Structure formats: structure tokens, C-alpha cells
Amino acid sequence: MSVSRLSRRAMRDVDINVSFEFFPPKNDKMEQTLWNSIERLAPLGPSFVSVTYGAGGSTRQRTHETVSRICKETDLLPAAHLTCVDASREEVDEVVREYWQAGVRHFVALRGDPKGGVGTRYVPNPDGYQNAAELVAGLKAFADFEITVAAYPERHPESPDFATDIDMLKRKVDNGATRAITQFCFDNDVFEAYVERVRKAGIYIPIVPGIAPIHNFKSLSGFASKCGTHIPDWLSKRFQGLENDPGTEELVAAAVGSEQVLDLVERGFNDFHFYTMNRADLVYAICHMLGLRADDGNGDDAESASAEAA
Ligand code: FAD
């Protein structure tokens with residue numbers, strides 16, 4: 001089916017839900033960029049916005065500050081990413097208590113990347129939650145939180161096979177997770193095949209595609225290889241020759257991202273989670289192509305929010 005037919009169909013018939021992921025800023029300038037992006041994207045009415053937890057739990061304080069500010073200053077529903085890497089159960093439970101007091105009721109529960117970042121060896125803390133499934137159980141024992149977990153259409157790099165990988169997802173669901181967001185993946189056939197495998201394993205929670213807008217193809221490719229995400233040849237060809245042409249690269253990225261989500265809509269996916277990298281423009285364009293408009297339906301809210309942010 002042609003992209004324009006996909007686009008027409010997506011905009012007419014389908015109820016689309018989006019969520020946005022941000023990372024906690026390191027300094028005042030990054031904080032300003034983050035809040036400009038939140039203000040620009042908020043009028044699109046995301047189901048929730050999530051804030052990541054740095055590798056090795058390194059952003060505990062900053063993640064908490066960002067989530068708390070979202071709670072206090074916006075109408076958005078926040079989800080706090082939480083990992084169990086390099087922390088005892090008591091330490092993790094203390095973080096959970098702080099979030100509870102701040103009014104947070106939704107976690108993205110993860111094992112976490114080691115301090116050295118993606119691709120370095122994971123060593124569980126002997127006194128800690130050993131994996132995300134144990135963390136989900138710990139959260140549920142604390143309170144009836146909404147819990148989202150991670151899923152891997154191309155398998156987690158440490159996983160020996162799909163059966164082991166999906167078994168871990170099933171353990172997370174059995175312990176109380178009600179949604180999974182996937183690692184980013186550029187091949188929609190792979191997404192679809194993965195969801196079929198998951199359903200065959202008796203897992204029926206929503207599997208939400210994680211969408212990574214391509215701000216810089218070279219750096220995204222490097223990160224993808226560490227995460228076990230395959231970069232298809234057709235995608236490399238789209239960006240070939242644009243290494244020193246960020247303006248055109250951004251235009252191509254908007255086209256590629258829109259094409260991917262519209263094709264996923266055609267395949268029956270209605271929910272999308274965007275890895276924003278704290279930047280709004282590409283995500284906003286792709287959401288616009290999905291038919292999303294600002295709160296009042298005519299775009300005025302989005303326009304005034306972006307004018308305020310400027
Ligand atoms: P788990 O569900 O515990 O395990 C993931 C997979 O690893 C399993 O399915 C299994 O296949 C394999 N595995 C784990 N242990 C074993 C074992 N002992 N033997 C065999 N196989 C095993 N990281 C951060 O640090 N901070 C974040 O904020 C963050 N946010 C993320 C958000 C999303 C949507 C996604 C997809 C990932 C995110 N990550 C984040 C990355 C994540 O922490 C890493 O992918 C981590 O390596 C695994 O976390 P998990 O929760 O999937 O782990």
C-alpha cells in the first residue's frame with residue numbers, strides 16, 4: 001500500500017496513543033532544552049511521559065527531580081524508570097518510597113544497564129533484585145503501581161535465544177507488568193513476528209513499539225549495534241552521503257520515521273513510545289503524520305506552546 005494511502009487511513013480510522021521518553025538533564029542548558037521539548041510535545045496529549053534512570057543508577061537524584069517537576073508543573077502523567085543494577089533491595093525500596101511520596105504511580109521497571117553503559121558486563125548485586133522480574137514483584141509488594149517493562153523484538157543481546165527472552169517477559173507479566181515497550185527496531189516484519197511469538201507464549205499485554213527518531217544516523221547506528229538492533233541496508237542507503245548535511249538528514253529522518261509508524265498502524269499497532277532524546281521537532285513531525293493534533297484539535301495549543309518555548 002502506498003504511503004499516502006497509509007497516511008489517510010491512519011488519520012481517519014485509528015485511535016492513536018503515544019508516550020514520550022526523556023532523560024534527566026545534566027545542566028541548566030540541557031534543562032531548558034528538555035522543558036522546551038516537554039512544552040512542545042505536551043499538547044499532543046501523550047498517555048504518559050517517562051524519564052530514564054542513568055546506567056548503573058547514576059541519575060537517581062536527577063531522575064527524581066525531573067519526574068517531581070513534571071508532577072508539580074504539568075498535567076502529564078509521569079512514569080519513572082527504575083533499575084536494580086548496583087543497588088540493594090533496601091536502596092531500591094527507598095527510591096520507590098520517595099516516588100510514592102511525590103505522587104508517582106507508574107514505573108518502567110528494568111534490570112538496567114551496568115555503570116559502563118550498554119554492552120558492558122552485568123553483575124547483579126548480591127543483596128539486590130536480580131532482574132526486572134524480581135523488581136516488578138518488589139514494586140507490586142509495595143503498592144498497586146502501574147508497571148511497564150522492556151521487551152526485545154530482536155532478542156536482548158545477553159539472551160541465548162528467543163525462548164529464554166520471552167520467558168523473562170512472561171515472568172515480568174506474571175509478577176504484575178501490564179505493558180511492554182520494545183527496544184527500537186527498524187524492521188516492521190521483525191516487530192510483527194515478535195508480537196506473534198509473544199502471543200503464542202500466552203502473553204497478552206500491549207507490546208508498544210519503541211520508536212527512535214534518527215537525529216544523527218552515524219551515532220544511532222553505533223548505539224544500535226550495542227543494543228542488538230539491526231540496521232537494515234535500505235535504511236543505511238537512505239542516509240548515505242548525508243553525513244555533513246544535517247538539514248537534509250533531518251528531513252529524511254522525518255520521512256523514515258513517519259513511514260515506519262504508518263506502516264505499523266496498517267499492521268494493527270495503535271500505541272507508540274518515542275525515544276525523544278529530549279528533542280521535540282522530529283517526534284512532533286512524526287506524530288503530526290500519525291494524525292495527532294494539539295488538545296483543541298486545530299493546532300492552536302501546539303503553536304502557542306512552541307511560541308512560548310522559543
Ligand atoms: P531483564 O528483563 O531482567 O532481562 C532482559 C533479558 O536479558 C532477558 O529477557 C533475558 O533474555 C536476558 N537475561 C537477563 N539475565 C539473564 C541471565 N541470567 N541468563 C540469560 N539471559 C538473561 N536502562 C537503564 O539503565 N535505564 C533506563 O532508564 C532504561 N530504560 C529502558 C527503556 C526501555 C523501553 C528499554 C527497552 C530498555 C531500557 N533500558 C534502560 C535498557 C535495559 O536496562 C537493558 O536492556 C538491560 O540490559 C536489560 O533490562 P531489562 O529490564 O530488559 O532486563
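## Strand 1 and its partners

Strand 1 and strand 9 (residues 271-275) run parallel and are joined by five bridges; two strands count as paired if DSSP finds at least two bridges between them. The model is predicted, so local features need pLDDT of at least 70 and side-chain atom pairs pLDDT 80 or more, while totals for chains, interfaces and linings use all residues. Asn17 has Asp271 in strand 9 as its bridge partner. Strands here are DSSP runs of E with at least two residues, helices are runs of H or I with at least four, and both are numbered from the N terminus.

Strand 1 (residues 17-22) also runs parallel to strand 2 (residues 48-51), with four bridges between them. Glu21 stands opposite Ser50 of strand 2. Five of the six residues of strand 1 are buried (under 20% relative accessible area, with a 1.4 Å probe and protein chains only).

## Helix 7

Helix 7 covers residues 188-200, 13 residues in total. From first C-alpha to last it reaches 18 Å, close to the 18 Å expected at 1.5 Å a residue (1.5 Å times one less than the number of residues). Its buried residues are Asn188, Phe191, Tyr194, Val195 and Val198. Seen down the helix axis, these fall within an arc of 115 degrees, so they line one face of helix 7; the arc is taken from the directions from the axis to the C-beta atoms. An α-helix has 3.6 residues a turn, so residues three or four places apart point the same way.

Just after helix 7, Gly202 has a positive phi of about 80 degrees.

## Conventions

Residues are numbered from 1 along each chain as its sequence is written, and side-chain values use heavy atoms, leaving out hydrogens and water.

Terms used: Buried means under 20% relative accessible area, exposed over 50%, partly exposed in between (1.4 Å probe, protein chains only).
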